[in-house]
Amino acid sequence: MDFDLVVIGSGPGGYVAAIRASQLGLKTAIVERELLGGICLNWGCIPTKALLKSGEVYEKLSHLGEYGLSTEKPAFDIAKVVERSRNVAKQLNSGVGYLMKKHKIEVIEGTAKLEKGSTAPKVVIALKAGGSRTVEAKAVMLAVGARSRPIPAIGLEADGDRIWAYREAMTPKFMPKSMIVVGSGAIGIEFASFYRALGCDVTVIEALPRIVPVEDEEVSKAAQKAFEKRGLKFRVGAKVTKVAKSKTGVSVDLEVGGKAEKLEAEVCISAVGIMANLENIGVEALGLELDRGHVKTGPHGETNVAGLYAIGDCAGPPWLAHKASHEGVHCVERIAKFKSPNVQSPIPGCTYSQPQIASVGLTEAAAKAAGREIKVGRFPFKVNGKAIAAGDTEGFVKTVFDAKTGALIGAHMIGAEVTEMIQGFVLAMTLEATEEDLFATVFAHPTMSEAMHEASLDAFGRVLHI
Amino acid sequence: MSDILMPALSPTMEEGGLAKWHVKPGDKVEPGQVIAEIETDKATMEVEAVDDGEISEILVPEGTQGVKVNTPIARMKGDAGGPAPAPKAEAPKAETPKPQAPKAEAAPAPKPQAAAPQPTPPAAKTPSNTERVFASPLARRIAQQAGVDLKSLKGSGPHGRIIKRDVEGAPKGAAQLAAAAARTEPRQVLSLEQMGIAPGSYDLVPLDGMKRTIAKRMTESFRDVPHFPLTIDLEIDGLLAARAKVNAMLEKQGVKVSVNDFVLKAAANALKIVPEANASYTPDGIAMHHHADVAMAVAIDGGLITPIIRACETKTLSQIAKESKDLAERARTRKLKPEEYLGGTFTVSNLGMFGIKTFASIINEPQGAILSVGAGTQQPIVRGGKLDIGTVMSVTLTCDHRVVDGATGARFLQAFKALLEDPVTMLA
């Protein structure tokens, strides 16, 4: 045996799992075919946040007067905005390299393929530097992630020119004047928000009847209103039938309520569909069981193949970095037979648009559909002192409690800094707080978080500031 | 001004009786002065004053039973303190229930002052078990709604915290069971009168601390410990001969070794041979005790007590004889210290002197087994196809099946039998 554990893929699922494995005394290697940190650090979560910050600051500049400030005519250089984003990614990428070294994790640069082995599959790596290396380990973890799924049938396939997936959208060679974004999930909305902030004419197409469809309905409604105020356009309940290159750039054929429509723009971003990166990895040879294109796993990441585990995006939704990290740690602790209490935490979701969206747990509709008797509270930022002072009065906090037990079962927010605030509710839910605990918790004043307290009070008719 | 509280004289003491006051209001006391005698579950102990001062008020009269630990029993004026402010001193009295005490209380003490307002300690109304339970807020609420007793659950959360999933998996109504188990006395559904015994046809002897403890512990043990008896016969002619020799040798020292001392020694040695019988069940695992701390049941006026010969396997017969004599004497005068009767790992109960042939004792929790020793009597014995006369003694081992199963108990009894039938082997 060369290693106790070989992790394939160094995204936020894989590299975090590797660190935890090393902490638990496992001799660990990690295989990466591209860049340490995976999509998250290099082509996802982090560089998009850098772009969005540029967009946010630029947008604020147009409101300087409201703050009693003025400057010369604001301007941006898209090349420099992208450069900053790339530098941020680079910094974090080398940070992961340092972490691997610190934890004595061997980084093997190359593309892995699994073959039948004894206790666990053998890992055959086509090395980046040339040649191949076979390693054997007691356990192998697939943390190979996922990517956006092209839909060639309708022409929605990144072409590196006018039809973009996230990579092209993150490193534009020019600043488009107009854009069509297909899909209004977190990725689509973030790109739409960024390009709109820089003045692009953006239309977002959503097949479902409302945007950010995984969020609570009230949040969807408020989000659409806030985005439209910024000049974003939406087509909801719209089915894309054809994407094609045209004189202006791209043309997109739609079907909205049975009527055909045609949109034109310079570029189109595809932000629909996710597929696991499971090609050429040996799925068939091993007889690895899949479920809707993802690896089928048990509660601790175990697969049907002895010694093989899978975590993160390749093991199914939600496709979120923090879910991957959490699964990775949990799986490694099982492999190392580390006794952890296996506390169940709900998985929060964040969208870094302007305004931001954050949520955890059940939406009001989902709670009702599950037959739960609920109490719902709301509190708008427009009456929150800190929000007024900061000029960030858009949005609200909404809470969903189980009426019988008083357990917080869902929280939904839209507003300036809600992605930082949601953690308070996640912690409350993980610790199994009831309304009494939220009532009794002291919230610092003045903060936007006070709206969380008020929304909890409101669910029980005890709101103070409305 | 300060209150003197009912002290906890042993780790398990929850309540006690106020046997006697040595002071009265107005008396000056100094540190170390004996002010009262407290009757605990097993012994009567003296309470000493901790501070200088003057007794301003006796809050719990002599003869009061079931006084919870930490209840104020008297009030003291400090040196600097003036007369006690009246409202404060009155306050507890205002809440004082009339002599019809709560059901957990003892019958009124058979003393004249029982007719006077009897300040019942406020603590007596609250559950005695105040041990903190770590549980999530949601787990607490669901438990309350479903009638699940958190104390009956084992937490699976961080550091054993009880979380939602632990409560949801718990059988409903467990609280009632647990509450019943937590009751301090055996259940009595009907009063004697309801059961046809006319009032006035009997005298009621109040339950003292010892009686209560025996009632509670024996009920719990008999009900909650899955127990079974194993009986074996021993021929003790060899033992009797050895005892005669030993005692002849020890005569000059004034030490007399009893049959029971041999039994204690043999039991201790057998426990070392079969350590699985020297064990206690706990929810976390079986506690394998390092030493055979053998308790011996001593009948005393008003009950019994089980003083302990510590590390009995390491002691000689004469040491055991001296120690057991001293412990038994002090047990009868209730002068044992708590550490002398708490924490045995095995008990020997001997009713041979009453001519009892066999009996099965109730396990003294948390011990894994108890040995009941019957009388040695001359009996016909078949030896090699011929009838002979021998002295035969029956012993019965009551086993906690969670710790000692049948074969383990049998192995212990075999070892015990071999040692006792041929006492010279105890030297090995």
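A:Lys104 sits in the loop that links α4 (78–102) to β3 (106–115) in chain A; helices here are DSSP runs of H or I with at least four residues, and strands are runs of E with at least two, numbered from the N terminus. Its phi is positive, about 55°, although A:Lys104 is not a glycine. This residue is exposed, with 9 other C-beta atoms within 10 Å. For the burial terms, 20 or more other C-beta atoms within 10 Å of a residue's own make it buried, 12 or fewer make it exposed, and anything in between is partly exposed; C-beta atoms are placed from the backbone.

A word on the source: this is a predicted model, in which local features need pLDDT of at least 70 and side-chain atom pairs count only at pLDDT 80 or more, while totals for chains, interfaces and linings use all residues. Residues are numbered from 1 along each chain as its sequence is written, and chains are lettered from A and ligands numbered from 1 in the order in which they are written.

**Backbone features in chain A**

A:Val212 also has a positive phi, near 30°, in a residue other than glycine. Its place is the loop between β10 (201–206) and α7 (217–229) of chain A. A:Val212 is buried, with 26 other C-beta atoms within 10 Å.

| Cis peptide bond | Omega | Loop holding the second residue |
|---|---|---|
| A:Pro317 to A:Pro318 | near -5° | between β19 (308–310) and α9 (321–335) of chain A |
| A:Gln354 to A:Pro355 | near -5° | between β20 (349–351) and β21 (356–361) of chain A |

**Chain B**

Chain B contains 10 helices and 18 strands. Of its 428 residues, 35% count as buried. Among contacts in chain B with a separation of 6 or more, 65% are between residues 24 or more positions apart; a contact means that two C-beta atoms, placed from the backbone, lie within 7 Å.

Six strands of chain B form an open sheet of mixed pairing, in the order β9-β18-β17-β16-β12-β15. Strands count as paired if DSSP finds at least two bridges between them. At the edges are β9 (227–235) and β15 (308–309) of chain B, each pairing on one side only. Strand β12 (residues 294–296) of chain B runs antiparallel to β15(B), joined by two bridges. Lying across β9, β17 (369–383) and β18 (386–400) of chain B is helix α10 (residues 406–421), at about 25° to β9(B).

**How do α7 and α8 of chain B meet?**

Helix α7 (residues 259–273) of chain B has 15 residues and spans 21 Å from first C-alpha to last, close to the expected 21 Å, which is 1.5 Å times one less than its number of residues. This helix is mostly covered, with 11 of its 15 residues buried; among them are B:Phe262, B:Val263 and B:Leu264.

The axes of α7(B) and helix α8 (residues 317–332) of chain B come within 9 Å and cross at roughly 115°. Axes are lines fitted to C-alpha atoms, for helices over the stretch in contact, with angles from 0 to 180 degrees between N-to-C directions. From α7(B), the contact uses B:Asp261, B:Phe262, B:Leu264 and B:Lys265, and from α8(B) it uses B:Leu317, B:Ile320, B:Ala321 and B:Ser324. These residues divide into five nonpolar, one polar and two charged; Ala, Val, Leu, Ile, Met, Phe, Trp, Tyr, Cys and Pro count as nonpolar, Asp, Glu, Lys and Arg as charged, and the others, Gly among them, as polar.
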